[in-house]
Amino acid sequence: FATNTISHDVSVFDIEETGALKLLGVYPSGGLFPIGLTIHGDLLYVLNAWDQGSIYGYRIRSESLDNVDGFTLVPLTNSTRILNAFPPDEPRFAISTEFGFPGLTAHESPSQVGFSPDGGWLIVVNKGADPNVGPIHEGNILTYSIDNESGLPSAKPVHNTSTSGNIRPFSFIWLELEGETVLVLTEADGPSASSYRFDSQEGSLTAITEHIGNGNRVGLCWNA
């Protein structure tokens, strides 16, 4: 699965036994400027960065593992959730006007989407505003509970403010440590990293260690 930002869609490839790729189809992202996606079981969610940001869901369907011609993505009705990643009157993502986007700033968009390890929650990181570019507002981490039967996210997310100040959360990974689920987050304007204990009942994050510097290196983004 691969997002296509300018055409606002998702390409799906089959990986054959030889390692060769075969394009199976192209599907709408359900929004504008898709920048990420995540899969758990037969659920796929796409993260769109433009127009306040949004998530959009699909069911992955295939008649059999050996019959790739039967593959399709089935849209999840009513799965779209608007992220409100930034105030509507502030600058947004910088894209060349030749593609039909205003030439605005890139610093307020959402940056990552991912399921919790058990698939019960969908997590979205909103970076917040770069204080060097425009009006300041803090980034946050949104957690949506996922309905077991419908696969739909909750109507409203749990808001987790990830910083004491505007350090702009960027990306995350999960760890299982001594029976606890831990989210490790990078922060672009620290530049730093933080760790949080995740409550799978409430969708909340509790800080373990906050804002550990990366050695004064520049451009901290993704982690692994």
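Are Trp174 and Phe198 buried or exposed? Trp174 is buried, as is Phe198, where buried stands for under 20% relative accessible area, exposed for over 50%, and partly exposed for values in between (1.4 Å probe, protein chains only). The close-up views below belong to a predicted model, in which local features need pLDDT of at least 70 and side-chain atom pairs count only at pLDDT 80 or more, while totals for chains, interfaces and linings use all residues. Residues are numbered from 1 along each chain as its sequence is written, and side-chain values use heavy atoms, with hydrogens and water left out.

**View 1. The aromatic pair of Tyr27 and Tyr58**

A pair of aromatic rings is described by the distance of the centres and the angle of the planes. Rings of Phe, Tyr and Trp (its six-membered ring) count as a pair if their centres lie within 6.5 Å; planes under 30 degrees apart are called stacked, those over 60 edge-to-face, and the rest tilted. By a search of the whole structure, seven aromatic pairs are found. One of them joins Tyr27 and Tyr58 edge-to-face, with 6.2 Å from centre to centre and 70 degrees between the planes. This pair links distant parts of the chain, since Tyr27 belongs to strand 3 and Tyr58 to strand 6 (residues 54–61), 31 residues apart. Strands (E, at least two residues) and helices (H or I, at least four) are DSSP runs, numbered from the N terminus. Tyr27 counts as buried because its relative accessible area is 14%. Tyr58 is likewise buried, at 2% relative accessibility.

**View 2. The aromatic pair of Trp174 and Phe198**

The ring centres of Trp174 and Phe198 are 5.2 Å apart and their planes stand at 65 degrees, so this pair is edge-to-face. Distant parts of the chain are linked here: Trp174 lies in strand 13 (residues 169–177) and Phe198 in strand 15 (residues 192–199), 24 residues apart. Both residues also belong to one aromatic cluster, formed by Trp121, Phe172, Trp174 and Phe198.

**View 3. The salt bridges of Asp42**

Side chains of opposite charge can pair when their charged atoms come close. A salt bridge is a side-chain nitrogen of Lys or Arg within 4 Å of a carboxyl oxygen of Asp or Glu. The structure holds three salt bridges. In one of them, Asp42 is joined to Arg59, with the closest N and O atoms 2.8 Å apart. The two residues come from distant parts of the chain: Asp42 from the loop between strand 4 (34–40) and strand 5 (43–48), Arg59 from strand 6, 17 residues apart. Asp42 is partly exposed, at 26% relative accessibility, whereas Arg59 is buried, at 13%. Asp42 also meets Arg61 in a salt bridge (2.9 Å, N to O). Because Asp42 lies in the loop between strand 4 and strand 5 and Arg61 in strand 6, this pair ties together parts 19 residues apart in sequence. Arg61 is partly exposed, with a relative accessible area of 39%.

**View 4. The salt bridge of Glu180 and Arg197**

Glu180 and Arg197 form a salt bridge in which the closest N and O atoms are 3.0 Å apart. Glu180 lies in strand 14 (residues 180–187) and Arg197 in strand 15, 17 residues apart, and the pair links distant parts of the chain. Glu180 is partly exposed, at 35% relative accessibility. Arg197 is partly exposed too, with a relative accessible area of 33%. Elsewhere, salt bridges that share partners join Asp42, Arg59 and Arg61 into one network.

**View 5. The surroundings of Val74**

Val74 lies in strand 7 (residues 72–75). At 34% relative accessibility, Val74 counts as partly exposed. Apart from its neighbours within four places in sequence, Val74 is in contact (heavy atoms within 4.5 Å) with Gly57, Tyr58, Arg59 and Arg61. Val74 and Arg61 are 13 residues apart in sequence and 7.0 Å apart in space, C-alpha to C-alpha.

**View 6. The nonpolar surface patch**

Phe13, Ile15, Leu21, Leu23 and Val26 make a nonpolar surface patch of about 500 Å². Patches are made of residues with over 30% relative accessible area and no salt bridge; like charges are joined within 9 Å, nonpolar side chains (Val, Leu, Ile, Met, Phe, Trp, Tyr) within 5 Å. Accessible areas come from the Shrake-Rupley method with a 1.4 Å probe, and for residues only the protein chains shown count as cover. Strand 2 (9–15) and strand 3 (21–28) each supply at least two residues of the patch. Strand 3 gives the most, with three residues. Phe13 has its place in strand 2 and is partly exposed, at 38% relative accessibility.
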